[in-house]
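Subject: Structure handover

Hello,

Here is the structure I promised to pass on. Please open it first, then read the notes below it.

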Amino acid sequence: MSDEDDRATTHLRASDSGVTAGAGTVHLVLGYDASPASQNALTVAADLARRLQAQLHVVHAIAMTDYPIDPDEADWEEKGSLALAAEREAIEVALQFHSTGWTYHEWRGDPAQLLCQLADAREAIMVIVGIHHGGRGAGLHRLMTGSVSRRLTEQAHCPVLVVPFREHR
């Protein structure tokens with residue numbers, strides 16, 4: 001998580017009760033990748049953060065899937081930057097009424113490692129991720145990239161909440 005790779009956007013808001021971030025603040029860390037499973041996990045994490053009066057830290061590990069398929073396209077980098085900006089904007093819209101404070105971070109690197117590092121740095125009480133059951137390409141994707149949720153349960157120093165998502169048929 002070097003400074004040059006960290007494109008963190010921080011949104012800290014005081015809660016309605018007047019409690020602000022500081023000593024004794026509860027922190028939750030959410031892994032997010034714009035998939036329907038992650039969007040579902042975001043809803044669960046935001047609700048949990050509200051109930052616990054916790055700060056929510058949303059982490060996106062930048063991957064090749066954030067960019068167009070053909071890296072030889074003249075505007076490949078620009079399209080990737082636009083996709084990342086759209087993702088940040090979607091998070092801002094989803095959390096616009098979240099009153100206990102939240103941050104958004106984009107980093108390059110292994111998602112499980114990045115989530116564990118931020119959870120440790122914030123002394124988070126929990127890491128939250130979504131998991132997609134089934135669907136086209138899910139098995140192939142896990143085979144190629146490994147399961148982030150599985151690695152988190154092995155590496156994290158705090159509990160990991162895995163939020164299931166099943167597409168409606």
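A definition to begin with: two strands pair if DSSP finds at least two bridges between them. Helices (H or I, at least four residues) and strands (E, at least two) are DSSP runs, numbered from the N terminus.

This is a predicted model, in which local features need pLDDT of at least 70 and side-chain atom pairs count only at pLDDT 80 or more, while totals for chains, interfaces and linings use all residues. Residues are numbered from 1 along each chain as its sequence is written, and side-chain values use heavy atoms, with hydrogens and water left out.

**Overall layout**

The protein chain has five helices and six strands. Read from the N terminus, the order is β-β-α-β-α-β-α-β-α-α-β. Of its 169 residues, 37% are buried. Buried means under 20% relative accessible area, exposed means over 50%, and partly exposed lies in between (1.4 Å probe, protein chains only).

The accessible surface is about 9,700 Å², and carbon and sulfur atoms hold 53% of it. These areas come from the Shrake-Rupley method with a 1.4 Å probe; for residues, only the protein chains shown count as cover.

Contact means heavy atoms within 4.5 Å. Among contacts with a separation of 6 or more, 78% join residues 24 or more positions apart.

**Strand β2**

β2 pairs with two strands in my notes. With β3 the pairing is parallel, over five bridges. Here Leu28 sits opposite Leu56 of β3. Between these strands the chain passes through α1, and this β-α-β crossover is right-handed. Right-handed means that, with the strands pointing away from the viewer, the path from the first strand over the helix to the second runs clockwise.

With β5 the pairing is also parallel, over three bridges. Leu30 stands opposite Ile128 there.

Is β2 covered on one face or on both? Both faces are covered. His27, Val29 and Gly31 are buried on one side, and Leu28 and Leu30 on the other.

**The nonpolar cores**

A nonpolar core is a set of buried Ala, Val, Leu, Ile, Met, Phe, Trp, Tyr and Cys residues joined through side-chain atoms within 4.5 Å. The largest one has 18 residues. Leu30, Leu42, Leu56, Val58, Ile91, Leu95 and Ile128 have the most contacts inside it. At least two residues come from each of β2 (27–31), α1 (36–52), β3 (55–62), β4 (102–108) and β5 (126–132). Which element gives the most? It is α1, with five residues.

Ile91 is worth a click. Setting aside neighbours within four places in sequence, Ile91 is in contact with Tyr32, Leu42, Val58, Trp102 and Tyr104. Another core, of 16 residues, lies apart from the largest one. Its members include Ala61, Leu114, Val127 and Leu152.

His27 lies in β2. His27 counts as buried because its relative accessible area is 11%. Its side chain makes a polar contact of 2.7 Å with that of His57. Beyond four places in sequence, His27 is in contact with Ala54, Gln55, His57, Arg122, Ala124, Ile125 and Met126.

Thr103 is in β4. At 2% relative accessible area, Thr103 is buried. The Thr103 side chain makes a polar contact of 2.6 Å with the side chain of His57. Another polar contact, of 2.8 Å, links it to the side chain of His105.

**Loops**

Most residues other than glycine have a negative phi. Two residues here go the other way.

- Gln53 has a phi near 55°. Gln53 is in the loop between α1 and β3 and is partly exposed, at 41% relative accessible area.
- Glu123 has a phi of about 50°. Glu123 is in the loop between α3 (111–122) and β5 and is exposed, at 68% relative accessibility.

Thr65 is in the loop between β3 and α2 (76–94). Thr65 is exposed, at 67% relative accessibility. Its C-alpha atom is separated by 9.4 Å from that of Asp33, 32 residues away along the chain.

Best wishes

Conventions
A polar contact is a pair of N or O atoms within 3.5 Å; within protein, one must be able to donate a hydrogen and the other to accept it, and residues adjacent in sequence count only if both atoms are side-chain atoms.
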